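Q: Can you walk me through this one? I'd like to start with a helix and what surrounds it.

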There are 4 protein chains.
Amino acid sequence: MIKAAILGATGYAGCELVRLLISHKDVELVYLASHSYEGRKFSEVYPMYQGHCDLTLMSDDLAAASDAADVVFMALPAGIASASVTEDMLKKTCIIDLGADFRLHDAGVYEKWYRMEHGNKELLKKAAYGLPEIHRDSIRGKRLIANPGCYTTASILALYPLVRHHLVDTSTIIIDAASGTSGAGRGNKTSSLFCEVNESFKAYGVSTHRHTPEIEQELSIAAGSDIVLQFTPHLVPMNRGILATCYAKYVKGVSDEDIKAAYDECYAGEYFIRLVSSMPETRNVRGSNFADIWYRRDERTGNIIVLSAIDNLMKGAAGQAVQNMNIITGLDEKCALEHLPSCTM
Amino acid sequence: MIKAAILGATGYAGCELVRLLISHKDVELVYLASHSYEGRKFSEVYPMYQGHCDLTLMSDDLAAASDAADVVFMALPAGIASASVTEDMLKKTCIIDLGADFRLHDAGVYEKWYRMEHGNKELLKKAAYGLPEIHRDSIRGKRLIANPGCYTTASILALYPLVRHHLVDTSTIIIDAASGTSGAGRGNKTSSLFCEVNESFKAYGVSTHRHTPEIEQELSIAAGSDIVLQFTPHLVPMNRGILATCYAKYVKGVSDEDIKAAYDECYAGEYFIRLVSSMPETRNVRGSNFADIWYRRDERTGNIIVLSAIDNLMKGAAGQAVQNMNIITGLDEKCALEHLPSCTM
Amino acid sequence: MIKAAILGATGYAGCELVRLLISHKDVELVYLASHSYEGRKFSEVYPMYQGHCDLTLMSDDLAAASDAADVVFMALPAGIASASVTEDMLKKTCIIDLGADFRLHDAGVYEKWYRMEHGNKELLKKAAYGLPEIHRDSIRGKRLIANPGCYTTASILALYPLVRHHLVDTSTIIIDAASGTSGAGRGNKTSSLFCEVNESFKAYGVSTHRHTPEIEQELSIAAGSDIVLQFTPHLVPMNRGILATCYAKYVKGVSDEDIKAAYDECYAGEYFIRLVSSMPETRNVRGSNFADIWYRRDERTGNIIVLSAIDNLMKGAAGQAVQNMNIITGLDEKCALEHLPSCTM
Amino acid sequence: MIKAAILGATGYAGCELVRLLISHKDVELVYLASHSYEGRKFSEVYPMYQGHCDLTLMSDDLAAASDAADVVFMALPAGIASASVTEDMLKKTCIIDLGADFRLHDAGVYEKWYRMEHGNKELLKKAAYGLPEIHRDSIRGKRLIANPGCYTTASILALYPLVRHHLVDTSTIIIDAASGTSGAGRGNKTSSLFCEVNESFKAYGVSTHRHTPEIEQELSIAAGSDIVLQFTPHLVPMNRGILATCYAKYVKGVSDEDIKAAYDECYAGEYFIRLVSSMPETRNVRGSNFADIWYRRDERTGNIIVLSAIDNLMKGAAGQAVQNMNIITGLDEKCALEHLPSCTM
């Protein structure tokens, strides 16, 4: 049995990790921590888990978690992981960080977009960017995994085949994405109140959202050249789901067959990626670790439009984290992740 | 492997059955039927199941289904099952009817509330009322199971211990219940349109809802005397979930301990019933087969208030149907029903 | 022009008052106060009012408001009004308190249910309970109005004709009500977050909700005898609206005509009360000051069921407050309150 | 008093027209028609208008409506208006068509995108495109008004100043828009059911949506050259509201001041257009006729991003239609359109 710890267990991503790991046949939860609810039982905070997860919540103490667990999941605000992870801990445990601290290879880019100093630049070299469908091999040997952001997972998976195969003019990329409200976290903010979100739709973080450099980094690596792109997130009055609607002008002469070949080549055999024949809807992946992708070339405008749908808490956070855990511990990658979406959940 | 068929597979309950049975390790789906989508693939109607359930939808032909399957689930409008099930079919297959046709022991009561003739009164004696926590023994030997209604499951489970132990004045029972919109089915009705349901709350079927006699029947059996009660359903702008808020005057002298003893006695060891310590919320059971029950005695008013929450498509329909299938086929009752609810699904 | 002030202007009821008073042809807003946003413009907090209400928010200073305005609306938490209103202020201004401090005639009852000392028992005698359809005459001469609670308005209006005309056994009254989430206010509480409310339904405050004694007081007065009743609120995943589903055993011999006569007698000529012929839905009153009421006698059970729908922020709060202001200032009672509900708002 | 008729009065846009015109001090509703509910009272279909609009619904007979009314509003599916409006009728009445039949100046474009023959190409010359902020002068003298589409109103208003002032490369325009579900109409379609829409987000009509040529037509006129652009609509689980997120590369050298000057020049004095300082949210315009517009130049990417929010049933349909009626009848343009949005409606 793999012993697992979760820091930030009472946030939405943390709670989703609990749900997945309770049902994971090879995992035992040994340490759950919560800044806000320390000392209470997990099932007091989430009564739905009464009888299924009654562990007492500890402090967010990474050292203690590292001693107790083979794998530590960190679901904490930016800045904490880089300030607390040490090489020593990584000798004792594997760390899967659901935050942003180890995602950007260039600490300078991190410091510009996150407006804080990076706490441990040395460790950046030790981390793998945990998007298995693209970086599975480099994930395998690592003990520190930077689990990708939710918007970034949807966006990178959508565009990766096009930029890798040089089918689009990368200076024209626009990603217009929308997320359910769980993406805003469980913090008590007026803007997250039911009456403020319900029956409304808005953009936010226009031209400034922190997921932008992460998408640019990964697509630049795939393209072999620097990409600057436009990313606009929106807030949808629903709990879960991300849809990324991506646009780019295609290179002259690119055919539908070229595009299909690119997606097929990149995603052949990838269980969690579904190249779907009808336009994705977020409910089609709800509660699952699937990413549904669909594309169309528009001859009128010269654009390719790619749609990509994920569950932001699953493939966009906890599901992908468990997928990464399965990889680094040598388990079947799908283990505990075979939930099917439900027609009306 | 148990071969299973579903008639009405593209309705919400039918689709939920598909979801559960795909993941059931001892079941193979062999026959899916749909009146509206005959000839199309199930995964064309529900793209979320592409690759997981691509069976072609057949006609709603019970005879063909009986020939093909060990268990046939019928999720069809009232009146069809009683007109089509025969004793002959029951020799070949077991039938679990999610409709109302075999739930009421007295065909006269059926005909009064459903305003149609009952098609096969003889068969009523062969059917078991499929609420396992109350009728497990009589379910075991049967080949025809009347799967209870959604409101009725929530209501009966809430009140059963009180009436069985004679703790309340049964002439004062009021059940005020509310359901998510999937309970109205997938038919194209103006009243089920998003803009008609969203941002509104209403009662319906006041004093006339068809689930009333079903609740009365079961509680009368438990009490050993005829019960007439008030049942009022409401429509909630959400997809899933039922909450029943039940009231009855308690018999003079009844103590909190008496009440607790009644619930404990009735539900000890029942995996799917959780006597919860905080007031139930429908999201706490969402996607699961659990029924969460909570009660309080109010000395000021002389009432006991019982709250009961289920997922109307799970414990209120498909989940309970699979539970019944597991019982009559001798499998572990929990098989394929161990999904945990999710904090934000 | 009547000069109006609002304390607690950035809460949901306060903001609704602003909306109504901006459009009131005889009113000028002169003083808006907000504890949380003091010093900012109202339209910074609510950008939808840019250009329509750009007043700078002041501190919640009742004395200053009394000096500045002819009518002061207080939309503040329990306990503040009773601690700050003085007889002196009432000489200068009229106060309409949307909170609970002056609603209960018996300070002891207040102290028991609100668990705090009442700050000014003397003033209770000066206050009128501001439900115009029942107390219009006593409102007229007063300078301190206790604006009723939202649940209480819906509940009292539903049951008043029955108890006043002695048509029901008052020991059997049960009020099962449900509210949209704006009723929980704009405070930053985890339980009010979108993902906690959306896609769920729950009861709360079972047997302990503070609106209970207010309903009991008003119905007791109407009946001429003490009434104790059961009140259970529920939370609906929608912004606005209250539906009260009320039950009581009717007195032997009471006919449908008796009931109709009672409602007609009590509500003849009342513009804001609509005795509707189909069951109320909260959307039918959304954004309006109407109360839609419907009743049915059930011979099977001996109950009368009454349904009552209001918009909790309108007839349940700000709308009724403006109605009261119109009365005490001698204006047309409907002024600024003639908004019609919208089919899909 | 202006006598008004509405064909298609029971659809969502029709019902919104009723709401507005009931409260219009210079208008009397004389003829309401509904294909689906002919012979019933309007208030039976929409009980919220009981006592406010109890007209009996007639057949969708344009000739009869023309005889009865000074202004006829047509809110009918594409193809009907062009097949039924005649020059003769226009001598008797003014027609404001909320459908698409008279919006596209080129019947060939209509026939390509709508896949049906245009019924009356001659009349196209008589029609004005009813976007007052751009075409007020040409609207004034006309008796046939083509009321713009919902997405098109939001999109054109967002981009008009930029293309008119040649600030952007028009070959790079992308409009990524999202609408509440009332935009799909009140027809009984599975895809409009509550459980299909709720808790999901999707794109639809990618590269094929019929509003595309309408936006292209208007922006081409403004630019003085042909524009081809990308338009992608999305469906939001809410009743009302459209947000258009628009992108275009700006012309080298364009400054923030240039952009501001363009918007100020185009929209100075326009009551219904608000150049807002914070990013628009659809709730900020909900129930009102406002269009909230916000823009940002992104030096990193070379794009201008423009956000535009309207209520699809108001400025996107019925509100704009009443605005057009006010213009052609010589009334104050704002008459019956001064509703303010509400913080939580």
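Q: What covers the buried residues of α10(D)?
A: This is a predicted model. In it, the cover over the buried residues of α10(D) includes the helices α6 (107-114), α7 (132-140) and α8 (150-164) of chain D. The strands β5 (127-129), β7 (174-179) and β9 (230-235) of chain D are also among what covers them.

Q: How many of the residues of α10(D) are buried?
A: 11 of the 12 are buried, so α10(D) is largely enclosed by the rest of the structure. Among them are Thr212(D), Pro213(D), Ile215(D) and Leu219(D). Glu214(D), Glu216(D) and Glu218(D) are buried too.

Q: What should helix α10 of chain D span, end to end?
A: At 1.5 Å a residue, its 12 residues, 212-223, should span 16 Å. The end C-alpha atoms are 16 Å apart, which agrees.

Q: And what comes just after α10(D)?
A: Gly224(D) does, and it takes a positive phi of about 80 degrees.

Q: New topic. How many disulfides are there over all chains?
A: Zero, from a search of the whole structure.

Q: Which cysteine sulfur is closest to that of Cys343(A)?
A: The one in Cys15(B), 3.3 Å away.

Q: Is Cys343(A) buried or exposed?
A: Buried, with a relative accessible area of 2%.

Q: Where is the nearest cysteine sulfur to Cys246(B)?
A: In Cys150(B), 14 Å away. Cys246(B) is in no disulfide. Cys246(B) is also buried, at a relative accessible area of 0%.

Notes. Residues are numbered from 1 along each chain as its sequence is written. Chains are lettered from A and ligands numbered from 1 in the order in which they are written. This is a predicted model: local features need pLDDT of at least 70, side-chain atom pairs count only at pLDDT 80 or more; totals for chains, interfaces and linings use all residues. Side-chain values use heavy atoms; hydrogens and water are left out. Helices (H or I, at least four residues) and strands (E, at least two) are DSSP runs, numbered from the N terminus. The expected span of a helix is 1.5 Å times one less than its number of residues. Buried means under 20% relative accessible area, exposed over 50%, partly exposed in between (1.4 Å probe, protein chains only). Contact means heavy atoms within 4.5 Å. A disulfide is a pair of cysteine sulfur atoms within 2.5 Å.
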